[in-house]
Amino acid sequence: MDQFTSQIIRNSLFYASEEMGIALRNSAYSPNIKERMDHSAAIFDSDGNLLAQAEHIPVHLGSLPWGLRNTLNYLKKESLEIEEDSMIVVNNPYIAGTHLNDVTVIRPIFFKGKLIAFSANKAHHSDIGGKVPGSISSDAKSLYEEGLIIDPVLLIRGNEFNRDVFSMFSINSRNPYERKGDLKAQIAANLTGEKRVKEIIERYGVDAFTEANNNSFQYAERMTLLKIKNMNKGSYQAEDYLESPDGKDIKLKVTITIREDGINVNYTGTDKQVMFPLNAVLGVTISGVQFVFRSLFGEDVPVNFGTFKPINIDAEAGTILNPVFPAPVAGGNVETSQRNADLLYLAMSKAMPDLAPAAAGGSMNNIMMGGIYRNKTWAFYETIGVGLGGRKGMDGVDGVHSNMTNTMNTPIEEIEKNLPLLITRYEFRTNSGGKGEYRGGCGIIRSYKVREGSVTVTVLSERGIHRPWGLFGGLQGKPTEVRTIKGGKISKKGTKGTFELNENDIFEIRTAGGGGYGNPSKRSPSLIKKDIINGFVSRKRGDKDKGSLN
């Protein structure tokens, strides 16, 4: 096959996966998907090898191939056929990866009666049952407390809905209407992917499709090995810590060994799994490794099955990065995944100091709320951005979602229109970025006021104690802060917990800033002046750093 045709097929698959995401977003009912775009899509070959993925959410994307292989193995073990004109739904994290809120829908793609590919997507449903609105608690002791568990089951058969599965899925949520709508959006996304794959095969043929995919795998692997060849060889270690709800530290440790022929990522020394929802299933750990190295390799390396073949991951079963069923895992997907990325960047800063950034805010800052409004139960979920870490030649980005997440904010108008909430503050957090030659990005302040009734609030965040670290003389970013305001009285809260708010009460989160990069004394006075003008740094701090700028 000529390289032009192979490239056209590869790029067509990539844009097909992007179109899947657009179909999902445009069809969804919940703000979490249609506004925040908390979803991901990908296309696989008939063996479950990744062909193409959209530029969506890293923690979803890295776990989708792992989850698809597990699903195929489950079907084989249970003697279940992969049927034409069907779709499979699964959310069991120990099969699909991530956590229960992330629901995976898979479409087997047949051409002239032969299985040729899969289209699949994963979307975060705002509520899947469980002990708190939003389903992600800070104190669940097992997976059974986190919501509805679904092993692989047919959602669609003969292109007809399985009404029993739809009913079971929706009735277990506090937002049954949203659940049905979002699940149908996932179906629409997979049908879009199927349509595009079949168009490619009808134009070029099955043999050309298969050959182009194999060529893409080989090219991606060659490019990865070329990047590895240019890395500093050796073993590099790092440790970082999660903050347990009981006040103890949970250690994550990694040793990354870079050789001529590949990379080994070994998590020996990482703490055992815990009875809190901070355990991360292996699919999440894999996602972190793939994200970090993907960012360090650069954009010229395509992402498919071949990209990560030279990378081996060792994570002992029964540890926080590879727990055993039924350990709770809701926060592992959103918080432990972030700490894993921090850990890997810290280790790689010793191997690639010019590319690795200082620590980002290190949390997705999960906010779950719910109650009864207009005689209906409701649940709301969103994550709040942080400051990115500074890196060589550039300041950290201010107020964005970092590392393992790639979502948007929920528009204030969407919240205030549909929920008994008022957003009273939404702004950059001045002085939250760590000082450095290149400062860390600023975190965010976001405040919610209850307009009527009572609201149950759950927060699952991180970096309240262990502040985002700086690199090469850069200083730490500010830690996460959570508080409530009732009758004018401010009460500090931990970064993990559930509490009740009533009318006119306020919940506020101040997210962490990124760590600084390089010696702060080398920072340009013109950059400090710019920071003051933009409100990222107060005049008092700026003047202290470099003297008066008047």
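**Exercise 1.** At what angle do helix α3 and helix α8 pack, and how far apart are their axes?

*Solution.* A quick note before we start: this is a predicted model, where local features need pLDDT of at least 70, side-chain atom pairs count only at pLDDT 80 or more, and totals for chains, interfaces and linings use all residues. Residues are numbered from 1 along each chain as its sequence is written, and side-chain values use heavy atoms, leaving out hydrogens and water.

Step 1: find α3 at residues 58-77 and α8 at residues 282-297. Helices here are DSSP runs of H or I, at least four residues, numbered from the N terminus.

Step 2: the angle is about 120°, and the axes sit 7 Å apart.

Step 3: look at who meets whom. Pro58, Val59 and Trp66 are among the α3 residues that meet α8, whose side includes Leu282, Ile286 and Phe291; contact means heavy atoms within 4.5 Å.

**Exercise 2.** Which residues have the most contacts inside the largest nonpolar core?

*Solution.* Step 1: a nonpolar core joins buried Ala, Val, Leu, Ile, Met, Phe, Trp, Tyr and Cys residues through side-chain atoms within 4.5 Å, with buried meaning under 20% relative accessible area (1.4 Å probe, protein chains only).

Step 1: the largest such core has 89 residues, and Ile256, Ile263, Val265 and Phe293 have the most contacts inside it. Helix α9 (residues 330-348) gives the most to this core, nine residues.

Step 2: zoom in on Ile263. Leaving out residues up to four places away in sequence, Ile263 touches Ile256, Phe293 and Pro310, among others.

Note on methods
Buried means under 20% relative accessible area, exposed over 50%, partly exposed in between (1.4 Å probe, protein chains only). Helices (H or I, at least four residues) and strands (E, at least two) are DSSP runs, numbered from the N terminus. Axes are lines fitted to C-alpha atoms, for helices over the stretch in contact, and angles run from 0 to 180 degrees between N-to-C directions.
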